[in-house]
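Dear colleague,

Here is the structure I said I would pass on.

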Amino acid sequence: MLSKMKTAMGDASAYQYATIYAHWDNRVQALKWLETALRLRDPGPVELKTDPLMDPLRKEPRFRAIERELKFPPQ
């Protein structure tokens, strides 16, 4: 199903791919797609701070770097 989605949507659903891979605990692919989402200015990462599907990635240094890049306001 994911393969079909990628064929139909291309990189336009980069954040959604990141959430799927994070849910599957494939951190390498999740972070790759999250970085792609940032590069493409995908609107999905605005949910990054509170998206429970991203919980498996929260301790990853690359994930923390992405959070810093998004410049979320302090809580």
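How many salt bridges does a search of the whole structure find? The search finds six, a salt bridge being a side-chain nitrogen of Lys or Arg within 4 Å of a carboxyl oxygen of Asp or Glu. Before the details, please note that this is a predicted model, in which local features need pLDDT of at least 70 and side-chain atom pairs count only at pLDDT 80 or more, while totals for chains, interfaces and linings use all residues. Residues are numbered from 1 along each chain as its sequence is written, and side-chain values use heavy atoms, with hydrogens and water left out.

The salt-bridge network

Side chains of opposite charge can pair when their charged atoms come close. In this model K49, D55, R58 and E67 are linked in a network of salt bridges. E67 pairs with K49, with their closest N and O atoms 3.9 Å apart. Because E67 lies in helix α4 and K49 in the loop between α3 and α4, this pair ties together parts that are 18 residues apart in sequence. (Helices here are DSSP runs of H or I with at least four residues, strands are runs of E with at least two, and both are numbered from the N terminus.) R58 also forms a salt bridge with E67, again with the closest N and O atoms 3.9 Å apart, and the side chains of D55 and R58 meet in another, at 2.8 Å from N to O.

As for accessibility, buried means under 20% relative accessible area, exposed means over 50%, and partly exposed lies in between, with a 1.4 Å probe and protein chains only. On that scale E67 is buried at 16%, whereas K49 is partly exposed at 33%. D55, at 45%, counts as partly exposed, and R58, at 21%, also counts as partly exposed. Leaving aside neighbours within four places in sequence, E67 is in contact (heavy atoms within 4.5 Å) with L48, K49, R58 and F72.

Which residues of α4 are buried? They are F63, I66 and E67, and, seen down the axis of α4, they fall within an arc of 100 degrees, so they line one face of the helix; the arc is that of the directions from the helix axis to the C-beta atoms. On the other side of α4, P61, R68 and E69 are exposed. What covers the buried residues includes α3. After the helix comes K71, whose phi is positive, near 55 degrees.

K6 has its place in helix α1 (residues 2-9) and is partly exposed, with a relative accessible area of 27%. Apart from neighbours within four places in sequence, K6 is in contact with Y17, Y21 and W33.

Most residues other than glycine have a negative phi, and most peptide bonds are trans. D25, in the loop between α2 and α3, has a positive phi near 60 degrees and counts as partly exposed at 47% relative accessibility. R41, in the loop between α3 and α4, also has a positive phi near 60 degrees, but at 77% relative accessibility R41 counts as exposed.

R41 is also one of the residues that line the largest pocket, together with A37, L38, D42, P43, P45, V46, E69, L70 and F72. The elements that give two or more residues to that lining are α3 and α4. A pocket, on a 1 Å grid over the protein atoms alone, is an open set of points where a 1.4 Å probe fits, with protein on both sides within 12 Å along at least five of seven lines, and lining residues have an atom within 4 Å of a point.

With best wishes
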